Amino acid sequence: MPSSSSLTKNKVLVIGSGNFGSCLADHLGDSEHEVFMWSREKSVVEFFNQHHKNPQYLKGHCFPNTICAVGPDLPDAEFIKNMDVLLFAIPTEGLRVLLTKLQSRLDGANLPLLIFVNKGIETGTNALTLEIIADTCGKDVARVSTFLSGPSFASEIIRRQPTMVSIASLSEDHAERASLVFHQPWFRCYTGNDPIGIELAGALKNVYAIAAGMAEGLGFENNTRASLITRGLSEMTRIGVAYGANPLTFLSLAGVGDLFLTCSSSTSRNYTVGLRVGRGESLEKVLQTLGSVAEGVTTAKGLKAIVDDLDVPAPLANAVYEVLYEGRDVRERAQALLELPMVKELELPGKTGGPARALMKKLGIED
């Protein structure tokens, strides 16, 4: 990998001014890229440009002067034409609407590098981001889109704590280009060609983080957490392989790396949701007072539908869904999990790849 001093400096538009979008804008701005950060809120744009601080997220942190906030209107075609990179950092639930608006502003002959960092499954359609891109912007755009995921808390990135992530795309050239945009000694990037696996790992680990939080809320300790993380990894690998992902992807930074981090830290929003529900708070109250988006809550819905469609055993994911959406008592549901009969520790599904094959066909890629 080239040294940071040799990397090309880019004009980057970060779409989203939340926790993760802000920290990545900070990293890229400090890497001497020219960064524009879009917010849908006029007050955020004005405050940021006046004080170089985000009034809602990472409060108190002073951002580099290489970052300019834009909005609340979505940048027009002329602005986007001048960008080298578009970085999407908004919740999955809002992505389809945004891409539908953005599609007419993209120049297919001069397409910026597209990088997606959201983690989730779209409610209703059960679509991954790759499919949302294909539906809204076309298969050619989807085939060159890139996806970044891994153990990366925003509060540590802005303090330049060494962080490592996975970047994947169906186009290895585009994955390499995206890696070069981000790569620094304190932010190392590793490329891959399994965006479906990267997406599933990033989405599913949030559901298991909720389960880990519930376990602590119930008073369970380290043995339980380690067991839950391990069984969660086994379960998400089984689901991913049935979907059509590479099983090795779940051993990557985007897989076990992000799972371990999210399941073992109170900094995780999804873990916090589970912790508070495990202690007896209602989901409604938790979400009203959380202060940020915990994508695992909505992902649990999409995951339940996918698991049912694939007919894959997923007792942990099903238990989280039942507690969040069917009113099951969290302690009773935990006890029911502990009383399940013995099973083989490691076993992959016999029927694999259906959803991934269908998605690849939509993208014009045949086996």
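In β2, V35 is the bridge partner of V12. This is a predicted model, in which local features need pLDDT of at least 70 and side-chain atom pairs count only at pLDDT 80 or more, while totals for chains, interfaces and linings use all residues. Residues are numbered from 1 along each chain as its sequence is written, and side-chain values use heavy atoms, with hydrogens and water left out.

**The sheet**

- Strands β1 (residues 11-15) and β2 (residues 34-38) pair in the parallel sense over 5 bridges; pairing requires that DSSP finds at least two bridges between two strands.
- Eight is the strand count of the open sheet, whose order reads β3-β2-β1-β4-β5-β6-β7-β8, with mixed pairing.
- At the edges sit β3 (67-70) and β8 (187-192), each of which pairs on one side only.
- From one strand to the next, the twist averages 25 degrees.
- Strands (E, at least two residues) and helices (H or I, at least four) are DSSP runs, numbered from the N terminus.

**Helices on the sheet**

- Helix α2 (residues 42-51) packs on the sheet and touches β2 and β3, where contact means heavy atoms within 4.5 Å.
- The direction of α2 makes about 160 degrees with that of β3; axes are lines fitted to C-alpha atoms, for helices over the stretch in contact, and angles run from 0 to 180 degrees between N-to-C directions.
- Helix α11 (residues 253-263) lies across β6 (146-149), β7 (163-169) and β8, and runs at about 140 degrees to β7.

**The cavities**

- The structure holds 2 cavities of 30 Å³ or more; a cavity is a set of points on a 1 Å grid over the protein atoms alone where a 1.4 Å probe fits but cannot get out, and lining residues have an atom within 4 Å of a point.
- The largest cavity contains about 70 Å³ of space, a volume being the space filled by probe spheres set on the grid points, which are joined across faces, edges and corners.
- Its lining includes F116, K119, F147, S149 and E199, and β6 and α9 (195-217) each supply at least two residues of that lining.
- By type, the lining of the largest cavity has 5 nonpolar, 4 polar and 2 charged residues; Ala, Val, Leu, Ile, Met, Phe, Trp, Tyr, Cys and Pro count as nonpolar, Asp, Glu, Lys and Arg as charged, and the others, Gly among them, as polar.
- The second largest cavity, with a volume of about 30 Å³, is lined by A212, A215, E216, F220, E221, R225 and Y271.
- Helix α9 gives the largest share of this second lining, 3 residues.

Key:
On a 1 Å grid over the protein atoms alone, a cavity is a set of points where a 1.4 Å probe fits but cannot get out, and a pocket is an open set with protein on both sides within 12 Å along at least five of seven lines; lining residues have an atom within 4 Å of a point.
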